[in-house]
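Colleague: I am new to this one. Could you show it to me and take me through the terms as we go?

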Amino acid sequence: MYGNDFGAPEEASGGGLLGEVEAAEAALREAAARQRRRVPASDDDLAGFFAEIVEADQKIEPRDWMPEAYRKTLIRQIAQHAHSEIIGMQPEGNWISRAPSLKRKAILLAKVQDEAGHGLYLYAAAETLGISRDELVDLLLNGRQKYSSIFNYPTLTWADVGAIGWLVDGAAIVNQVPLCRCSYGPYARAMIRICKEESFHQRQGYEILHTLAHGTPAQKAMAQDALDRWWYPSLAMFGPPDGESTHSTQSMAWKIKRFSNDELRQRFVDMCVQQAEILGLTIPDPDLRWNDERQAYDFTQPDYDELMRVIKGDGPCNRQRMAHRRQAHADGAWVREAAAAYAAKRAVEKKEKVAA
Amino acid sequence: MTDPSPLWEVFVRARRGLSHTHVGSLHAPDAELALRNARDLYTRRQEGVSIWVVPASAITASSPDEKDAFFDPAADKVYRHPTFYEVPDGVAHL
Amino acid sequence: MNGPFEFTLRLGDDALIAAQRLAEWTTRAPEMEEDIALANIALDQLGAARLLLTYAGELEGAGRDEDALAYLRDDREFRNCLLVELPNDDFAVTMAKLLLLSAYQLPLYTALAECADERLAAIGSKTRKESAYHLDHAALWVKRLGDGTEESHRRMQAAVEQVWPYAAELFAPDPGAPVDPAALRAEFDATVTAVLAEATLTRPESGWAPAGGRDGVHTEHLSYLLAEMQVLHRAHPGAKW
């Protein structure tokens, strides 16, 4: 959901991205069914054993030995991903109360709820690496861990809900589908489940825009305006261009990453062009055109200086998003304390009963 | 001082005739809340499922593979499924 | 056919306004798990509202669908009880409201499942299961807050006192209706009294009993809620979404 750091879609079985997710799931089961070649011969053999598992496309599991840097890289990525899901609820949540039909209201509420669920799956996956959710939440609230820069842009109209579903969730899926093959088991499994759910998210967004684009002139203008504002920030979601990207080589070796930022960005653009045509909307890039030689679209790069500014905290909504999250956390403190106190009282009663 | 909201492992019987399967974990101050949260997070209102929650601290693991989190797909409300949405003819990669 | 229409509209409006308020908690709940739980309850209420309003529109026979009823009526035309339109306030107030609402909706929908009107009976048999869960959830939190810390006990007691008067309106007699709300009072009292007792809370004395929702005379809060809910739909008359 943020600048990608991750692995690769092999050729998919079924059609489209969902097919790739299913192929990844099948590969996971297939790899699991293969006999583990051996157990580590001794403590000196741990690194070799780790390398062998990764090499065989099998999964590293929580209690396996792993290089400390592998653990740290995963914690950083999974946490950032989890934070993105939680903060990402806000821009869309902004329109639940004003959704223009009861059906759309129900869908949007279910979608934002899913994102909370995704955040929790991911926090749980991160916790298997030996860090607690409380610590991760503190790191977010202190600003020491980041979330995807895309959520620092405002949702100004209903069409923005459609644009987020189509473009932002679409970009997220392109980024995330490769993660279904990540070498770390809990993360790969969480991503399989999340990608399946995100496919509904993307389709509902596309459907919203399609309805608007074929509606009244005012609705169509709203849809075009949303595409104009969300296009370049969505391209920026794939992270800085390859020359400036950190964390790459090692992540490739660990099978956390197999495609570069630029490769995935290209893939996303190539997918969107035809989808925009069917919507009847114009991608705001006069230089967008098919390059026969490359068999891909040429396109204008997003403003990476803007991306860096937003990541550093100077996007339109950084302060608002963080203040909202901190407020919710602070307002809920007395409730969490009450639940803990109640549980402690019941535990004491139980002990006394046992003693008696 | 004990953790005010400890970790629980969640097991779900998806259908009659199947055994409980580990689906993931969550935090809750006590078992009753853990069960409630598990229902919302891991079954999203499927009827007729049975859920177990177990304090993660109560699990003794024999081998490296035993404390992971496996997420099975959940059956859900129709609008949670991508096939609920009309995709215009000819749209690819959606 | 004014009778069943009016009755169905009341139930639908209760569910719709309750859903709108509960959905306001999204991204704001005390814990992330609770965010998901409150959204589930809001989705249940919204689902019930859509079934009930659709059916109300059919009973009326004037061509109004669920959206016409939800988005194109003014506050004086809404028939929900006052309880559901009250602001969320803190989590204790929200749980006190949910306790009263679900302790009323559970026996209501259960009775509805047995009524002569097949459509209403079908809706009742679906929604009563959901209400049982809502009641369970509200009771779980009222107990934890009531018997938690000093602060949570104080807040929960204050919340119960704040919303208690609004329960009276729920049970105003309506002998001609498919289910007479007055017949549900005893079960409601038994449920709520037991929960409050276990939560170490004091049940307030009945006295002031605000009402008027069923006649379209609401609190000042409803008009603001509707202004927000309806603004986009009304800005584009006749548009499809």
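Modeller: A nonpolar core is a set of buried Ala, Val, Leu, Ile, Met, Phe, Trp, Tyr and Cys residues joined through side-chain atoms within 4.5 Å. Buried means under 20% relative accessible area, exposed over 50%, and partly exposed in between, with a 1.4 Å probe and protein chains only. The largest such core here has 209 residues. This is a predicted model, in which local features need pLDDT of at least 70, side-chain atom pairs count only at pLDDT 80 or more, and totals for chains, interfaces and linings use all residues; side-chain values use heavy atoms, without hydrogens and water. Residues are numbered from 1 along each chain as written, with chains lettered from A and ligands numbered from 1 in written order.

Colleague: Which residues touch the most other members of that core?

Modeller: A:Trp158, A:Trp166, A:Tyr184 and C:Leu16 do. The largest share of the core, 16 residues, comes from H2(C). Helices (H or I, at least four residues) and strands (E, at least two) are DSSP runs, numbered from the N terminus.

Colleague: What is C:Leu16 in contact with, leaving aside neighbours within four places in sequence?

Modeller: Contact means heavy atoms within 4.5 Å. By that rule C:Leu16 is in contact with A:Leu102 in chain A. Within chain C, its partners are C:Leu46, C:Ala49, C:Leu53, C:Ala70, C:Phe78 and C:Met229.

Colleague: Why does the size of chain C agree with a compact globule?

Modeller: The radius of gyration is taken over C-alpha atoms, and the globule rule is 2.2 Å times the number of residues to the power 0.38. For 241 residues the rule gives a value near 18 Å; chain C has 17 Å, so the two agree. Its C-alpha trace spans about 55 × 40 × 30 Å along the principal axes. Chain C has 9 helices and 0 strands. Of its residues, 63% count as buried.

Colleague: Why does chain A agree with the globule rule?

Modeller: With 356 residues, a compact globule would come near 21 Å; chain A has 22 Å, so it agrees. The C-alpha trace of chain A spans about 75 × 50 × 35 Å along its principal axes. Chain A has 14 helices and 2 strands. Here 62% of the residues count as buried. Among contacts in chain A between residues at least 6 apart in sequence, 78% join residues at least 24 apart.

Colleague: What makes a space a pocket and not a cavity?

Modeller: On a 1 Å grid over the protein atoms alone, a cavity is a set of points where a 1.4 Å probe fits but cannot get out. A pocket is an open set with protein on both sides within 12 Å along at least five of seven lines, and lining residues have an atom within 4 Å of a point. Grid points are joined across faces, edges and corners, and a volume is the space filled by probe spheres set on the points. Of its 25 lining residues, the closest to the centre are A:Ala343, A:Ala347, B:Trp8, B:Pro29 and B:Asp30.

Colleague: Which element gives the most to that lining?

Modeller: H14(A) does, with 10 residues. Strand E1 (7–13) and helix H1 (31–43) of chain B each supply at least two.

Colleague: How many residues line the second largest pocket?

Modeller: There are 32, and A:Arg133, A:Asp134, A:Arg336, B:Ser5 and C:Glu31 lie nearest its centre. This pocket holds about 610 Å³. H14(A) again gives the most, with 6 residues.
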